[in-house]
Amino acid sequence: MLNILEKNRLLSLILTAVCFTLIFYISSLKFTGTGGKSSIAVIYHFTAFSYLTLFLLISLTQGRKNSLLIILGMLIVVIYGITDELHQFLVPGRSSSINDFLIDFLGIILIGIAYNSCRKK
């Protein structure tokens with residue numbers, strides 16, 4: 001699957017744009033609940049930012065092992081994670097959380113390390 005995305009840059013760019021858009025859209029929604037942190041929210045944050053990182057890294061590197069582009073891609077997603085929490089702070093009925101960002105960050109770091117280690121030189 002990775003090879004298909006690495007060879008088809010347009011597809012990986014489209015998937016990256018879809019991830020950026022879905023994260024923004026979901027951050028705009030007001031959720032009703034108990035106010036506690038649910039395991040679904042933790043899974044969402046980890047998964048959404050993991051996929052965003054993966055698709056962005058594929059789009060940037062196209063399968064080449066380029067540590068500078070990988071770090072740049074991860075930095076872009078980290079900044080997006082920060083702005084996502086700021087966006088949630090401004091949405092009525094939502095709140096921002098450092099814990100959410102830390103879960104995002106964990107997904108970003110793990111995918112960045114995994115992708116870097118499995119790419120050809």
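A search of the whole structure, which is a predicted model, finds 4 aromatic pairs, a pair being two rings of Phe, Tyr or Trp (its six-membered ring) with centres within 6.5 Å. In one of them, the rings of Phe 20 and Tyr 80 have centres 4.7 Å apart and planes at 85 degrees, so the pair is edge-to-face; planes over 60 degrees apart count as such, those under 30 as stacked and the rest as tilted. Because Phe 20 belongs to helix 2 (residues 9-28) and Tyr 80 to helix 4 (residues 67-90), the pair ties together parts that are 60 residues apart in sequence. Helices here are DSSP runs (H or I, at least four residues), numbered from the N terminus.

Residues are numbered from 1 along each chain as its sequence is written. In this model local features need pLDDT of at least 70, side-chain atom pairs count only at pLDDT 80 or more, totals for chains, interfaces and linings use all residues, and side-chain values use heavy atoms, with hydrogens and water left out.

Helix 3 (residues 39-61) has 23 residues and spans 33 Å from its first C-alpha to its last, close to the 33 Å expected at 1.5 Å a residue, where the expectation is 1.5 Å times one less than the number of residues. Just after helix 3, Gln 62 adopts a positive phi of about 50 degrees.

The axes of helix 2 and helix 3 come within 8 Å and cross at roughly 150 degrees; axes are lines fitted to C-alpha atoms, for helices over the stretch in contact, and angles run from 0 to 180 degrees between N-to-C directions. Helix 2 is therefore roughly antiparallel to helix 3, a term for angles over 145 degrees, while those under 35 count as roughly parallel, 65 to 115 as roughly perpendicular and the rest as oblique. Residues of helix 2 that meet helix 3 include Phe 20, contact meaning heavy atoms within 4.5 Å. By class, this contact has 15 nonpolar, 3 polar and 1 charged residues; Ala, Val, Leu, Ile, Met, Phe, Trp, Tyr, Cys and Pro count as nonpolar, Asp, Glu, Lys and Arg as charged, and the others, Gly among them, as polar.

The axes of helix 3 and helix 4 come within 9 Å and cross at roughly 145 degrees.

Helix 3 and helix 5 (residues 98-118) have axes that come within 8 Å and cross at roughly 40 degrees. The two helices are therefore oblique to each other. Their contact has 12 nonpolar, 6 polar and 2 charged residues.
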